[in-house]
Amino acid sequence: MNQTHEQWVYQSHSIEDTERLASALAAQAHAGMVIALDGDLGAGKTAFSQKFAWHLGVRDVVSSPTFTLIKEYEARLPLYHMDVYRISLEEADELGLEEYFYGTGVSLVEWASIIPELLPEEHLHVQMETTGLEDRTITLDGYGEVYATICRQFRQNGVIG
């Protein structure tokens, strides 16, 4: 894995702060974008996903796809919201995720650390850590030039949303 990598750390003190980040990322969304989302239970992965979806243009109710594994939503770009928490790497491999990852929409994968071997080399990893009642440390790791550029832009300009 000899590619560009950039990291940026964001401190969220409220759901509004987290929404600003989700909005800024949705503004950068492009076909084939892959966001790998991780964090402990209750860290806010689904809330982040809901805000991201809203700012991408999804008007349906977005809920965690824990039991359906993949939910598809129509928006400015199709959104493929995935939750791989309850499946094994082998089961995930059989889902044909690469069709989503390299498709015309945005793939948002909750619990992505379960399937690192299946993720494209180039992706944005979002790690959410609970640091207080509403406080979160959100670490973005951009792998590949497109995602590294997003991290550099946020580091230079902050999150505007």
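Colleague: Which residue of β5 is the bridge partner of His81?
Modeller: The model is predicted, and in it β4 and β5 pair in the parallel sense over 5 bridges. Among the residues of β5, the one bridged to His81 is Leu108.

Colleague: And in β5, which residue is the bridge partner of Ile35?
Modeller: β2 and β5 (residues 106–110) run parallel and are joined by 4 bridges. Ala36 has Val109 as its bridge partner in β5. For Ile35, the bridge partner in β5 is Leu108.

Colleague: How far apart in space are the C-alpha atoms of Ala36 and Leu119?
Modeller: Ala36 is in strand β2 and is buried, with a relative accessible area of 0%. Its contacts beyond four places in sequence include Val109, Ala112 and Leu119. Ala36 and Leu119 are 83 residues apart in sequence, while their C-alpha separation is 8.1 Å.

Colleague: Is His125 buried or exposed?
Modeller: His125 sits in strand β6. Its relative accessible area is 16%. A residue under 20% counts as buried, so His125 is buried.

Colleague: With the side chain of which residue does the side chain of His125 make a polar contact?
Modeller: Leaving aside neighbours within four places in sequence, His125 is in contact with Ala36, Asp38, Thr139, Leu140, Asp141 and Tyr143. The polar contact between side chains is at 2.7 Å, and the partner is Asp38.

Colleague: What distance separates the end C-alpha atoms of α5?
Modeller: Helix α5 covers residues 145–157, which makes 13 residues. At 1.5 Å a residue it should span 18 Å. The distance in the model agrees with this: 18 Å.

Colleague: What arc around the axis do the buried residues of α5 cover?
Modeller: These residues are Tyr147, Ala148, Ile150, Cys151 and Phe154. They lie on the same side of α5, because the arc they cover around the axis is only 155°.

Colleague: Which residues are exposed on the other side of α5?
Modeller: The buried residues of α5 pack against β1 (5–12), α1 (15–27), β2 (34–39), β6 (123–130) and β7 (136–143). In an α-helix, residues three or four places apart point the same way, because there are 3.6 residues a turn. On the other side of α5, the exposed residues are Gln156 and Asn157.

Colleague: What is the phi of the residue that follows α5?
Modeller: The residue after α5 is Gly158. Its phi is positive, near 75°.

Methods:
Residues numbered from 1 in each chain as written. Predicted model: local features only at pLDDT ≥ 70, side-chain atom pairs only at ≥ 80, totals over all residues. Heavy atoms only, no water. Helix = DSSP H or I, 4+ residues; strand = E, 2+ residues; numbered from the N terminus. Expected span 1.5 Å × (residues − 1). Buried < 20%, exposed > 50% of the residue type's maximum accessible area, 1.4 Å probe, protein only. Arc of directions from axis to C-beta. Contact = heavy atoms within 4.5 Å. Polar contact = N/O pair within 3.5 Å; in protein donor to acceptor, adjacent residues only side chain to side chain. Pairing = 2+ DSSP bridges.
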